[in-house]
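Please find below a colleague's note on the model under review.

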Amino acid sequence: MVASLGTVLVGFNSTATNIALDAIQGSFAGATAADVGWGIAGFMIGTAAFLPLAGRLADRIGRKFIFQLGLVLFALSAVASALAPTVWTLNLARVMQALGGAAILPASLSLVLPLFPASRRTTAVGLWSAAGPLAAGIAPGLSAFLLGTLGWRVLYFISAPVALVMLVAAWRVLTELPPPETSHRLDVTGAAAGTIGLAALVTAIMQGGRVWGWTSPVTLAVAAVGVGAFAWFVVNSLRHPEPLLNLHLLGRRGVWVTQLANFLVGISSQSIWLIWPLFMFNFWDYSENQVGLGVTVGPIVAGASTVFFSRLGERWNAMALCRTGAAIQIVAIGWQVIRLGPEADYLREMAPTIALFGLGWGMCVPLLNSVALAWVDESYFGEISGLFNTLRYAASAIGIAGLFALLKDESSSLVYYQHGLVFFLVSAIVAFASLWIPIGKPDQAPR
């Protein structure tokens with residue numbers, strides 16, 4: 001429970017800002033939607049980039065220690081976000097918060113998994129994963145209430161006392177696990193290359209679509225830096241004795257297929273939750289409370305379906321459930337591409353999409369991680385989970401960048417929202433197709 005509450009804290013802060021975008025933009029003179037969007041993208045970039053390094057540090061110096069360190073960073077960054085004098089200092093504070101979240105996530109799962117026998121780990125991963133949708137379900141309503149009464153700064157500040165209470169609970173309840181013996185140096189080169197590559201790619205997508213132009217020399221140069229950094233990261237990961245991401249595990253078909261699907265599903269999993277609040281604010285003139293209640297149904301359904309289908313996946317074909325979940329997401333987004341219009345009709349145009357998307361997420365994403373874990377020896381659990389979460393947050397950063405690149409004038413034209421929904425629909429279709437790549441039966445022998 002204590003470890004999963006850390007995931008709740010991270011999940012809450014990754015979605016709470018979605019309701020507050022307009023309020024944050026309005027409080028800083030001259031700030032654009034893209035400027036505020038960098039706070040969300042920066043959180044995803046920082047989390048994705050630091051997750052593997054945090055996992056390695058947890059294995060070296062203690063998972064409980066890294067978990068607690070993440071809570072301290074989270075509390076400090078919450079205060080810094082609440083006091084930010086400019087939009088860019090707010091964005092920097094959000095990156096600091098991402099570092100804290102990246103420390104919390106892998107350490108929390110590593111602390112939980114050894115408590116369960118192998119036969120129950122699919123359920124354990126599912127319950128741990130359900131904490132994210134639970135937080136996302138709490139975030140919209142609480143965010144709307146705080147925005148309407150105390151303002152967006154309190155929305156960030158509230159995480160500080162919660163993190164400190166959890167710090168005390170972790171100190172009293174969690175048990176430190178002995179770190180494995182290792183003589184290898186940390187993969188600092190891989191951390192730098194991965195961070196530069198992801199940041200450059202997100203910058204090229206977001207700024208290229210809104211400011212520089214897709215074919216401008218600046219966009220092409222930044223994109224080239226991203227591609228070069230990723231190539232450097234891959235080469236380094238294959239040569240380093242203990243890389244941040246063990247890419248050799250991708251030699252197993254069950255691992256690379258699930259990770260590919262995880263990345264493709266992740267493009268829409270976080271970023272689509274931005275388009276719905278923006279649309280309801282700008283076209284339907286919904287209040288903060290109406291928007292908060294309107295989007296809450298999705299995370300609630302996602303949390304419930306995660307718990308149910310994680311248990312079902314221990315007895316049924318998990319990949320079949322993943323494919324069904326991905327298909328449901330296609331139906332959900334496709335329904336909105338056809339139906340969404342400027343006339344407010346929540347029950348017909350918004351509620352079905354949000355609920356079905358949450359149902360599909362709960363059937364697909366947590367089980368993908370469980371399927372990947374079944375393909376490796378227990379000694380690789382931490383590396384697989386780190387790879388899974390890193391790709392998920394990297395995909396979220398790319399999805400957010402793509403959305404803000406398409407929403408060039410999000411307050412006045414429906415066509416930009418339609419472009420965003422089509423972008424999500426295409427990514428969902430490709431993700432569904434990737435799940436049909438045959439994987440066979442898992443081989444438990446370690447490599």
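The numbered points below describe the predicted model.

1. Basis of the values. This is a predicted model, in which local features need pLDDT of at least 70 and side-chain atom pairs count only at pLDDT 80 or more, while totals for chains, interfaces and linings use all residues. Residues are numbered from 1 along each chain as its sequence is written, and side-chain values use heavy atoms, with hydrogens and water left out.

2. Fold and dimensions. The chain has 17 helices and zero strands (DSSP runs, H or I of at least four residues for helices and E of at least two for strands, numbered from the N terminus). The C-alpha trace spans about 55 × 50 × 45 Å along its principal axes.

3. Of the 447 residues, 59% count as buried (under 20% relative accessible area, with a 1.4 Å probe and protein chains only). Among contacts (heavy atoms within 4.5 Å) between residues at least 6 apart in sequence, 83% join residues at least 24 apart.

4. Second largest pocket. The volume of this pocket is about 480 Å³ (the space filled by probe spheres set on grid points, which are joined across faces, edges and corners). A pocket here is an open set of points on a 1 Å grid over the protein atoms alone, where a 1.4 Å probe fits, with protein on both sides within 12 Å along at least five of seven lines; lining residues have an atom within 4 Å of a point. The lining comprises 24 residues, and Phe230, Phe233, Leu245, Thr390 and Leu391 lie nearest the centre. Elements giving two or more residues to this lining are α3 (33-61), α9 (188-212), α10 (217-239), α11 (253-269) and α16 (381-406).

5. Gln259. This residue is found in helix α11 and counts as buried because its relative accessibility is 2%. Gln259 touches Leu250, Ala372, Leu387, Phe388 and Leu391, leaving aside residues up to four places away in sequence.

6. Gly62. Located in the loop between α3 and α4 (63-82), Gly62 counts as buried at 2% relative accessibility. With residues up to four places away in sequence left out, Gly62 touches Leu57 and Glu176. The C-alpha atoms of Gly62 and Tyr393 are separated by 24 Å, the two residues being 331 residues apart along the chain.

Note on methods
Buried means under 20% relative accessible area, exposed over 50%, partly exposed in between (1.4 Å probe, protein chains only).
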